[in-house]
Amino acid sequence: MKYAIVLAVILFVGPATIFAQLQPQASSAAMPGEAHSAVTGGTAGMLVLTGQVTTEANFPPSESVNIALECGDRGPVAQAHSDSKGYFSISVPSSDDKSASYPSQIVNGRASGIDLAACELLADLAGYKAAPLRITRSGDIGPVNVGTIVLRAVTPNQTFTVSLTSLAAPDKAKAAFEKGEEQKKKGKWAAAMDSFRKAIAAYPRYALAWLELGRVQATQKDFVDARQSFHESVTQDSKLADGYVELAHLAAQQQQWQELADVTDHLVQIHPETAEYWFLNSAANFNLGNIRQAETSVTKGLRLDSTHQLPQLEYLYGLILARNQDYQSAAEHVSVYLTLSPQAADAKDAQRTLEQLKKRAQIATR
């Protein structure tokens with residue numbers, strides 16, 4: 001669920017689209033040079049695994065993430081760090097590289113390549129967790145795009161997904177659901193969707209099955225069906241918070257601001273302690289022109305985000321204050337954002353915005 005949105009801010013002429021500033025921009029060019037592979041010496045004779053790591057809110061992590069390729073139980077085979085946009089690349093010597101000491105289970109016996117079927121990529125960043133990314137595509141020498149690793153925030157009071165209506169599912173439905181979960185972990189997307197559909201056919205009120213079906217559909221970029229599945233999940237269980245979260249992320253991706261506002265209105269009611277939901281609610285209202293509500297939500301998010309896990313809150317508040325013509329305060333918040341995220345993908349745009357705000361502040365004081 002990653003987007004290609006042009007980084008463009010028109011701060012003083014018409015409404016600005018906050019997500020155009022804050023989300024990563026896809027590129028057809030090679031991975032940025034800031035990604036540091038743990039294997040050096042060039043890529044000649046190497047298989048290069050490329051991909052991206054993002055947070056659940058579809059933003060690049062504020063810090064570099066350690067990415068490790070592990071095969072079996074012998075520890076990391078190779079490691080790399082993501083760049084400021086979340087991109088990473090890991091160079092793995094091919095099986096004809098005699099200097100490489102790789103586990104025997106990843107050598108497929110061909111002189112031209114290695115078998116990665118037993119391997120997976122692991123992401124490590126304090127405060128987050130991520131499911132291992134299985135390597136489902138093979139290659140010999142050259143680049144192989146392995147996809148995206150999604151980081152999920154971990155908090156001391158984090159609760160797991162629970163659905164009371166789903167607890168009543170019959171054994172046949174539960175068996176199909178569990179099979180779908182296993183297939184999903186292995187990257188068998190089509191089989192997983194089929195299993196979740198079987199679970200739903202056996203028990204139409206299976207909210208968790210609807211939720212997981214939607215997640216797999218979104219992974220496959222089938223956003224229309226994913227949206228319908230997420231709606232079904234919360235229809236069958238109105239207290240299933242994860243269903244609303246997925247709807248919010250999908251609405252943000254597609255810039256459906258009214259739906260994002262509606263969904264996050266509900267989220268901040270059931271989880272008022274989560275800064276991310278206040279941020280998304282503020283961004284939606286900002287883009288809808290509801291500046292007063294946007295300011296209310298962003299200030300609540302800032303109060304909750306005492307450790308600055310979402311530095312974008314500062315940038316958004318700066319834009320809101322600028323809309324209210326409080327240019328001095330706006331500049332202060334954008335400056336804080338740049339201090340917190342000097343290597344952010346939109347740092348240059350934020351710096352230009354800051355310069356504009358300072359000029360406006362000077363004019364206002366004359």
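Helices (H or I, at least four residues) and strands (E, at least two) are taken as DSSP runs and numbered from the N terminus. On this basis the protein has 13 helices and nine strands. The model is predicted, so local features need pLDDT of at least 70 and side-chain atom pairs count only at pLDDT 80 or more, while totals for chains, interfaces and linings use all residues. Residues are numbered from 1 along each chain as its sequence is written, and side-chain values use heavy atoms, with hydrogens and water left out.

**Overall figures**

A residue is called buried under 20% relative accessible area, exposed over 50% and partly exposed in between (1.4 Å probe, protein chains only); of the 366 residues of the protein, 49% are buried in this sense. The accessible surface, computed by the Shrake-Rupley method with a 1.4 Å probe, comes to about 17500 Å², and carbon and sulfur atoms hold 50% of that surface. With contact defined as heavy atoms within 4.5 Å, residues 24 or more positions apart supply 60% of the contacts that have a separation of 6 or more.

**Helix α5 and R215**

Helix α5 covers residues 207–219 and contains R215. Its 13 residues reach 19 Å from the first C-alpha to the last, close to the 18 Å expected at 1.5 Å a residue, where the expected span is 1.5 Å times one less than the number of residues. The helix is mostly covered, with twelve of its 13 residues buried, among them W210, E212 and Q217. The cover over these buried residues includes α2 (164–167), α3 (171–185), α4 (189–202), α6 (223–236) and α7 (241–253). Just after α5, K221 takes a positive phi of about 65°.

R215 itself has 16% relative accessibility and counts as buried. Apart from neighbours within four places in sequence, R215 is in contact with K184, F230, D242 and E246; K184 is 31 residues away from R215 in sequence, yet their C-alpha atoms are 9.7 Å apart.

**Other selected residues**

N285 belongs to helix α9 (residues 275–288), and a polar atom of its side chain lies 2.9 Å from the backbone oxygen of N281. Not counting residues up to four places away in sequence, N285 touches A261, N290, Q293 and A294.

| Residue | Relative accessibility | Class |
|---|---|---|
| Y203 | 16% | buried |
| Y206 | 4% | buried |
| A190 | 58% | exposed |
| N285 | 6% | buried |

**Aromatic pairs**

Rings of Phe, Tyr and Trp (its six-membered ring) pair if their centres lie within 6.5 Å, with planes under 30 degrees apart counted as stacked, over 60 as edge-to-face and the rest as tilted. A search of the whole structure finds four such pairs. One of them joins Y203 and Y206 in an edge-to-face arrangement, 6.0 Å centre to centre with 65° between the planes. Ring pairs link F177, F196, Y203 and Y206 into a cluster.

Key:
Polar contact = N/O pair within 3.5 Å; in protein donor to acceptor, adjacent residues only side chain to side chain.
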